Structures are given as structure tokens and as C-alpha cells.
Amino acid sequence: MDTDVLIVGAGPTGLMLANQLARRGVRALIIDRHAGPSRQTRALGVQARTLEIYAKLGIVDRALELGKPATGGNLWAQGRKTARVPLGDAGRALTPYPYILILGQDDNERTMGDRLRDFGMSVQWNTELIGLEQEPARVRATLKRPDGSSTEMAAAWVAGCDGAHSAVRERCGITFPGAPYEHVFFVADTQATGSMVPDEVNVYLWREGFHLFFPLRGNDHWRVVGIVPPELREKSDIAFESVVPSLRSEAGTGLAFRECSWFSTYRIAHRSAARFRDRRCFLLGDAAHIHSPVGAQGMNTGLQDAYNLGWKLALVVGGRAEPALLDSYEEERVPIARRLLNTTDRAFKLVVSDSRLAGLFRAELLARAAAFAMRFERIQRVAFRVVSQTGIHYRDGPLSQTQDGLPDGAPRAGDRFPWLRLRLEAGGAIADLFDALDDTRFNLLVVGQPAPPEAIQGLDELLRVHVIPDDADNAAELARAQIPRPSFHLVRPDGHIGLCGARLDAAAVARYASARLRLDGGAARPRAATDGAMR
Ligand SMILES: Cc1cc2nc3c(=O)[nH]c(=O)nc-3n(C[C@H](O)[C@H](O)[C@H](O)COP(=O)(O)OP(=O)(O)OC[C@H]3O[C@@H](n4cnc5c(N)ncnc54)[C@H](O)[C@@H]3O)c2cc1C
């Protein structure tokens, strides 16, 4: 075997997977057909859940340094500001990062690429996957090298992170049903002044369409996204100047552009792969699902695909878990992608529809309904959870088991374990729980009862136990998250709860580890690391 995991594609998804494998000691090979990292900004919105993952990877400070947090979103209709979504206030109790970080995809990729090199792995550029053949124990891949020659290699597993036109998906014969949208998008990086609320996202809805203004680093720098007016749709040589009149007509005549450093138009589609796995090959990111950029979810969803698969592949490659654990990747991530596709598709159709009725709804009713809804803190919090991806859960997934005895509002198996500030040692300082969780292991959080008396079979050194001291501060914080006393939560490496219940029974946790996680109690020896280089 030449490598344990061949990662095809070094966009954000492939880089995240490579990092997750590298930090767990898995030897992987990551290739990309391009000559080097992309210089295109493309995705711009980094959601709170992604920043939490960046924190575990050790790159969040760099991302925050390079990016600009947008702490609110403003809705404008027919030139009037109708509602504000206070992202900061709504998310403050939910995550250390209560905002959308505006950071270009190129900066995200560069930061992840730098981190990958810290782990001793780097992208093999100018290398294209051109053939794939699956055998029972390996995948034979044909790669085109930088000099144009081709070579064959064997990998135990292949991760198709190769974007919307995925060669892995095609070679596996997995269909990609969906449809293109008729509308043409434009993106422009500008220097502009106008009614936009500084440092926040501004959404302009009007009868004929919508425009989004994202604050960029620097004074008066804005990324403008919108749909090309119907009369220009069939033209191939649209310049920024041709969309300015429609921008002015809705955002006000006070809108002035000093500069446009980048302008591009593109068509988009909504599609989801029929399966995310074919035997030894997986699909992640845009290779598995593409949708409208409404909500800034695409890149973030691919990063979470990689975070979900990374720890599972590492356990299987390391000989700690049976390959059956990998079935849960598809079972957990397909419903997330389908739900996202449906939601973004509905939202997108609503904001782009050319019909008169939709125009009226968009500019009059939608704006008023949003203004009314945003008066309620609860609705603000729900909106934040959805957009920030902190609300994603796998409650119906095969790895989730909630025992009887927990009250209704308590976190359930499948949920991302809530962000809490707790005193983790009696008499110690209050700390950020997310900092204390080790995401290369499972974490057992024990409340109101002692730790298990001995190592839990199957998990042993894969487990960190945190017994939460009983004191008034901890009691108040646990009550806020509706975590009762006594209770326990077994948190997976990706931060989602695997097993939870009231009374901790070590034998039940061991049964869960064996039956659901397919951990083999260390019976299988980790295989020797393989050489990640091409033959
Ligand atoms: C204008 C625009 C704005 C967007 N805004 C947002 C946003 O604000 N927020 C958000 O979350 N998402 C946004 N998106 C979506 C986001 O860009 C994508 O979801 C993201 O790029 C997907 O990452 P990926 O790594 O899965 O795929 P890609 O970025 O497409 O990377 C795939 C990689 O695979 C390589 N590759 C392909 N085939 C092969 C092969 N055969 N062999 C070797 N390598 C191969 C390619 O060279 C490429 O580097 C936007 C997209 C566009 C176009």
C-alpha cells in the first residue's frame, strides 16, 4: 500500500481532512491538479462552528487576525432599513465566536495549508487523479504527474474532495442529481460608501431581486453579491458598471463606488450526490453537495464533512475501530446536506424569483415579517444556531444513544455539546470547556457523580474523563444548558455527544463503544505507517 488515505483536491475540504488525519498521525497523500493554492476569494463567510474547529486545529487566532467579524445583519427593503439580526447578542451564550468571520476562501486555504506543513505534510500540486479502480482491499489510483507522465498507486481509502466536477464521484458512478438555477450571480470587491451599516452584513431586498454587502478588511471595502438584472443575463461580457444602476436604484443614490478590484459572474446549481460513499471511496464538500451561496454555508459544510470523517478514518486506519464505523459518515452527513439544500433552495427561490407576487412578498411582507420576528430573543437564537452551524445535530444517526432519565430540554446524543464556562478543578479558575476538550480523543463529562472506577473497556487511552466539581458557579452554568445532576455525556472527538444519560454505568459505555463505535478494545494492532509518497 502506498498510502493509507489518498485525498483528491486541496480546496478547503481536502485541506481540513488532511490536517485532521495528519494531527492524528495518519499518513495521507493530498494531491491537486492545480499548480498552487487558489487566489480567488470565493467563499467569504466563516461560521462560528468552523471557528470552533479552527480553534482545536490551532489556527483560529490567525484566522481572526486576517478576517473581520460581522456582528450583525441588516435587512433593507425598498431603500428602508427594516430589521437587524444582532448576531453578537444572539450567539454570545452559544459560542466563543458570536459572529460571521469575513475571511476569503484563499486566506482560509493558506492558513490550513501552513498548518498542514507544521504537521510535516504538504500538498502535491500539479497532480491529477485520472483513473480509479476499486479492489476489495485497496483502491488503485492513476495519477497524472507534473511532467505529464502517469503513475499508479494503491491507497486503502480515497477521499474525493475534488469539487463540483469530482472525478472520484464520476469514477465511482455516483450520480449528482439536481438542477442549475437560471439566474446569473455577480461578485464584486469594491470600495464604496452609502447607507450600509459599517462592519455588518447588509441585505437589500427589492421587488426585482436582492443584493448583499459583506464588510471586508480596510476602510469602506465591501464585497457585493447579487443577481445580474434579467436584461443582462444573456450577455457574456458584463462589466461591473452595468450592474451599478440596479444597485443604486435600491441601495439609494447616495451609494458611490470608488473602486472595483474584482468582478466576476457565475452560474450556480443545487445538487446532492446520490451517495457519499462507494466502498473505499468517500465524497466530501462540493463533490458531494452544491447549493446557492445564500447563507454562506457551502465551504463551512465541506469543512464539517471533513471533521466528521477525519476521526473515524484515523481510528480505522490505526486499527482501533472496525471499518463499519465509516458507515456512519454517510448516514450522518447525507441528511445534513439534503436539509441544507432544501433550505437554501427555498430561500434562494424566494429571493431571486422574477414573479410579481414574489417581488411584492420579498420587498413588503418578508421584510416586515423578519423585523417582527427579530424582536424575539428566542427567534434570534434559533436563527443564529442555524446560520452558525452550531445547531447541526446527528440525533437520528447510528452513533447517537440517549438513555432514559434525562429531562426534555437536556442536550441529547447527536447534539454538539454546548459551549460552557466551568470550573474544571475544585478551587480552580473558571475555564472555557471547549479548550479543555481533547478532540483527538473521546471526552467523558461527569456531573454530580464520581468518575468510573476503572478504565472503560474499548476506550481506555482514547478517553479523557472530566468530573465537573459541584459548586454554585458550575450549578448555574449547567442549569443554563439544562444539564441535570447527575448526568454524563460521552463526547465524540468532533464535539458531538455519542452517549448520554443520568447514572454513569461503565459497562454500558463499554457496550456502546463496542456496538456503536465498533471499537475493538485494542485487539487489533495499529498497522505500520505507510509511505505517503508516490511511487
Ligand atoms: C462566488 C462564490 C462565493 C461563495 N461564497 C461562499 C460563502 O460565503 N460561504 C461558503 O461557505 N461557501 C461559499 N461558496 C462555496 C465555496 O466556494 C465552496 O463550497 C468551496 O470551495 C468547496 O470547497 P471544496 O474543497 O469542497 O471544493 P473546491 O474548492 O472546488 O476544491 C476542489 C479542489 O479539487 C481539485 N481537483 C478537482 N479535480 C481534481 C482531480 N481530478 N485531481 C486532483 N485535483 C482535483 C481542484 O483543483 C480544487 O482545488 C461560494 C462559491 C462561489 C463560487
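These legends describe close-up views of a predicted model.

**View 1. The largest cavity and its lining.** The structure has 1 cavity of 30 Å³ or more. The space in the largest cavity is about 40 Å³. Its lining consists of Arg49, Gln304, Tyr307, Asn308, Tyr394, Asp494 and His496. Sorted by class, the lining residues of the largest cavity are 2 nonpolar, 3 polar and 2 charged. Helix H8, residues 298-317, supplies the largest share of this lining, with 3 residues.

**View 2. An open sheet of 5 strands.** The strands follow the order S19-S25-S24-S22-S23, and their pairing is mixed. Strand S19 (401-402) and strand S23 (463-468) lie at the edges; each has a single partner strand, so one side of each has no neighbour in the sheet.

**View 3. Strands S22 and S23.** Strand S22, residues 442-447, runs parallel to S23, and 6 bridges join the two. Leu445 is placed opposite His466 of S23.

**View 4. The largest nonpolar core.** This core holds 118 residues, of which Leu6, Ile7, Tyr54 and Phe442 touch the most other members. Helix H8 contributes the most to the core, giving 11 residues. In soluble globular proteins, nonpolar side chains tend to be buried together.

**View 5. The surroundings of Leu6.** Neighbours within four places in sequence are left aside here. The contacts of Leu6 then include Leu29, Ile31, Leu129, Ala141 and Leu143. Met153, Ala155, Trp157, Val158 and Ala159 are also in contact with Leu6.

Notes. Residues numbered from 1 in each chain as written. Predicted model: local features only at pLDDT ≥ 70, side-chain atom pairs only at ≥ 80, totals over all residues. Heavy atoms only, no water. 1 Å grid on protein atoms, 1.4 Å probe; cavity = no way out; pocket = protein on both sides within 12 Å on 5 of 7 lines; lining within 4 Å. Points joined across faces, edges and corners; volume = space filled by probe spheres on them. Helix = DSSP H or I, 4+ residues; strand = E, 2+ residues; numbered from the N terminus. Nonpolar A, V, L, I, M, F, W, Y, C, P; charged D, E, K, R; others polar. Pairing = 2+ DSSP bridges. Core = buried A, V, L, I, M, F, W, Y, C linked by side-chain atoms within 4.5 Å. Buried < 20%, exposed > 50% of the residue type's maximum accessible area, 1.4 Å probe, protein only. Contact = heavy atoms within 4.5 Å.
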